Amino acid sequence: MAKAPHRAPDQDIDAAAEAAAADAAASGVFRRQIRFWLISAVILAIFLYVFSGILLPFVAGMVLAYFLDPVADRLQRLGLSRLMATIVILFAFIVVLVLAFVILIPVLASQMADFASKLPEYLTRLQTLITSFDPRWLEEKFGVDANGLREGLNSLLTSGFGLLTTVFTSIWSSGVALVSVVSLFVVTPVVAFYMLLDWDRMVAIVDSWVPRDYVQTVRAIANDINTATAGFVRGQGTLCLVLGAMYATGLTLTGLNFGILIGLFAGLISFIPYVGSLTGLVLSVGVAFVQFWPDWTMVAAVAGVFFVGQFIEGNILQPRLVGKSVGLHPVWLMFSLFAFGALFGFVGLLIAVPASAAVAVLVRFAISRYLDSPLYKGHNTEPVPPLPARRRGSGGPRS
């Protein structure tokens, strides 16, 4: 049998030195990349903070172009040129938007005004209904003092409805302020037109700027970011609109006061799982108790709108429109919306979703690289023992 070739000690030393040099070079390149992208992120954040007051129509146009790009691609596959597809899409979008503002905004304004004017009356009647039980029965069954319960409910309902009124008023005021900004309706369609027309070419140009050694990695990261962002902006956004229309229609058919207002509000905040439906359920059932009591059938019908909506969302809409492509944890999404909104205002809300998706993808990429690096694996070839088992109810690991 042939013997393995003998290697001199000097050759082993040279090979180890070359491997160490290669690791050091790779680590240096990685550190330079991290430094470059961190500096770029800081410059971008400063730019957004300084120019946040004028960026709204431009960011809104970019978001609109990103949302409508798949439609333009589909029209191109049907035989239209990119220019004609862009013109058709934006014209149809503007027509739908104008009709929505002409028809929907007056109805919402009327319901908002009625809700604000009838709020004290609704609050008093709801408190009376809740505290109308026999005080002795409450004390015997639950040990609750009726007067204390009445005062607590009064404080709770006053605070809760006051908060809801503030939220509705702020949203409405912000909406009116946005509508009154002429630049939003003049600049945004123009920006969206040119961005949608040149979208594929801009993507190709940005791709040509990426260093060729890392182009495949950057493309994979960009694809993951696009998947997460598109899953939310296109899938979850469409889902919220469908749920809002469905809730508003169902509540209006039951004859509930402010049905359109409550239904649309519940649908539009449904990007946070269960929060939209739960908020709409509490609001609508509270109004239904005041409006329909003691007709339990109508109260149950109002509640049934949201139970049916949840069933349709979970079994039909969610799998078809969103699927499992979002990849954004609800807590991380809420934090991003609050953080970017506080830093950059309404512009921050528009970029919160793609920014949070990008950060989440980059963090997962960094963790995967760390798990494959010598920093994590080290030079120990022995298997790492598992964590010691913990007994149920014990305060720490066993010794």
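1. Asp-207 and Arg-219 form a salt bridge, with the closest N and O atoms 2.8 Å apart. A salt bridge here is a side-chain nitrogen of Lys or Arg within 4 Å of a carboxyl oxygen of Asp or Glu. The pair links distant parts of the chain: Asp-207 sits in helix 7 (residues 199-209), Arg-219 in helix 8 (residues 215-253), and twelve residues separate them. Helices (H or I, at least four residues) and strands (E, at least two) are DSSP runs, numbered from the N terminus. Asp-207 is partly exposed at 21% relative accessible area. Arg-219 is also partly exposed, at 38%. The cut-offs are under 20% relative accessible area for buried, over 50% for exposed, and partly exposed in between (1.4 Å probe, protein chains only).

2. A note on the basis. This is a predicted model, in which local features need pLDDT of at least 70 and side-chain atom pairs count only at pLDDT 80 or more, while totals for chains, interfaces and linings use all residues. Residues are numbered from 1 along each chain as its sequence is written, and side-chain values use heavy atoms, with hydrogens and water left out.

3. The whole structure holds five salt bridges. Side chains of opposite charge can pair when their charged atoms come close. One of the pairs is Arg-82 with Asp-73, where the closest N and O atoms are 2.8 Å apart. Arg-82 counts as buried because its relative accessible area is 11%. Asp-73 is partly exposed, at 21%. Both belong to a salt-bridge network that links Asp-69, Asp-73, Arg-82 and Asp-200.

4. Arg-201 pairs with Asp-198 in another salt bridge, and here the closest N and O atoms are 3.5 Å apart. Arg-201 is exposed, with 55% relative accessibility.

5. Overall make-up. The protein has 14 helices and zero strands. Of its 399 residues, 30% are buried. Among contacts with a separation of 6 or more, 70% join residues 24 or more positions apart. Contact means heavy atoms within 4.5 Å. The accessible surface comes to about 25,600 Å², and carbon and sulfur atoms hold 70% of that. Accessible areas come from the Shrake-Rupley method with a 1.4 Å probe; for residues, only the protein chains shown count as cover.

6. Where is the nonpolar surface patch? Its members are Phe-91, Phe-93, Ile-94, Val-95, Leu-97, Val-98, Leu-99, Val-102, Ile-103, Phe-185 and Val-186, and the patch covers about 980 Å². Patches are made of residues with over 30% relative accessible area and no salt bridge; like charges are joined within 9 Å, nonpolar side chains (Val, Leu, Ile, Met, Phe, Trp, Tyr) within 5 Å. Helix 3 (82-130) and helix 6 (182-197) each supply at least two residues. Helix 3 gives the most, with nine. Leu-99 lies in helix 3. At 48% relative accessible area, Leu-99 is partly exposed.

7. Helix 12 spans residues 330-344, 15 residues in all, and reaches 21 Å from its first C-alpha to its last, close to the 21 Å expected at 1.5 Å a residue. The expected span is 1.5 Å times one less than the number of residues. Leu-333, Ser-336, Leu-337 and Phe-344 are buried in helix 12. They lie on the same side of the helix, because they cover an arc of only 100 degrees around the axis. The arc is that of the directions from the helix axis to the C-beta atoms. The face turned away from that buried side carries the exposed residues Val-331, Phe-335, Phe-338, Ala-342 and Leu-343. Just after helix 12, Gly-345 takes a positive phi of about 70 degrees.

8. Apart from neighbours within four places in sequence, Ser-336 contacts Gly-341, Ala-352 and Ser-356.

9. Helix 10 (residues 275-292) has 18 residues and reaches 25 Å from first C-alpha to last, close to the 26 Å expected at 1.5 Å a residue. Its buried residues include Gly-276, Gly-280, Leu-283, Val-287 and Phe-292. Phe-289 is also in helix 10. With 22% relative accessibility, Phe-289 counts as partly exposed. Phe-289 and Val-299 are ten residues apart in sequence and 6.4 Å apart in space, C-alpha to C-alpha.
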